[in-house]
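Hello,

Here is the structure I promised to pass on to you. My notes follow below it, and I hope they are handy when you open the file.

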Amino acid sequence: RDVAVTGVQTCALPISARVEAAVGLPVVIGGDVDFTLLPSPALSAHEVRIANPQGAAAANLVSLGALDIRVALSPLLRGNIEVRRVVLQEPTFEFEILADGRPNWSLTGGETRAEVGVPTGRLADDVRIDNVQIHNGTVTFRDARRGIAERLQGVDAEINSTALPGPYLAEGGFTFRGMPIRFSFNSAAATPGRPVGVRTDLTLVPDGDKIEFRGQISEDRKS
């Protein structure tokens, strides 16, 4: 039988406080937080919001109708975090280049990982996320300095990986400027200091016309 604790809104306070300390931005869980302990640990949180930094156009960087996380039990008992599935329901992401040139998604927490209860060591060694699902999402990108404001709507996607550095496989669809588009994305595993090979295919619906990209992504290192 499932062992669950449901509707525990008071548990949202310590959870949001830890996430807030880690990302350096205000975090609010406005709805209930539900826990399932057996047969595998699971967490559901509703009405999750991560505030934007000062100067951003939108109030929130991330807004989630609901967040569902399921973790493997046996690895957790050994001190490893293997996230079997993350489901984002009706997420809204507001990405923006701020007036001072900083991207609003460059989060810098004021406390160390140990201070917020996150295991020390390399994150890639501690955490594994197998599957991420996005249902009915919205992604907005703004750069007021260049007069850019674009939005993807109706984003549905599934992202699979065997390790945090990759490789990654993603498939899904979205609507851009009223045009339905299907996409697939593949990347090699990331290695520090080396370019990452990527492949992206965009298919316009219903025409079937394709846009393909094959190349590499490298980190922009500034002296």
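A salt bridge here is a side-chain nitrogen of Lys or Arg within 4 Å of a carboxyl oxygen of Asp or Glu. Before the list, two words on the source: this is a predicted model, where local features need pLDDT of at least 70, side-chain atom pairs count only at pLDDT 80 or more, and totals for chains, interfaces and linings use all residues. Residues are numbered from 1 along each chain as its sequence is written, and side-chain values use heavy atoms, with hydrogens and water left out.

**Salt bridges**

The rule gives a count of eleven salt bridges. One of them joins the side chains of Asp-143 and Arg-145, at 3.4 Å from N to O. Asp-143 is buried, at 3% relative accessibility (buried means under 20% relative accessible area, exposed over 50%, and partly exposed in between, with a 1.4 Å probe and protein chains only).

Another pairs Arg-142 with Glu-94, at 2.4 Å from N to O. Arg-142 lies in strand E9 and Glu-94 in strand E7, so this pair ties together parts that are 48 residues apart in sequence. Strands (E, at least two residues) and helices (H or I, at least four) are DSSP runs, numbered from the N terminus. Arg-142 is partly exposed at 22%, while Glu-94 is buried at 11%.

Asp-201 and Arg-214 also meet in a salt bridge, at 2.9 Å from N to O. Asp-201 sits in strand E13 (residues 196-204) and Arg-214 in strand E14 (residues 210-217), 13 residues apart.

**Around Thr-140**

Thr-140 belongs to strand E9 (residues 131-143) and is buried, with a relative accessible area of 2%. Leaving aside residues up to four places away in sequence, Thr-140 touches Phe-93, Glu-94, Phe-95, Glu-150 and Arg-151, where contact means heavy atoms within 4.5 Å.

**Trp-105**

You will find Trp-105 in the loop between strand E7 (92-97) and helix H3 (123-126). Trp-105 is partly exposed, with a relative accessible area of 39%.

Which part of this would you like to go through together?

Best wishes
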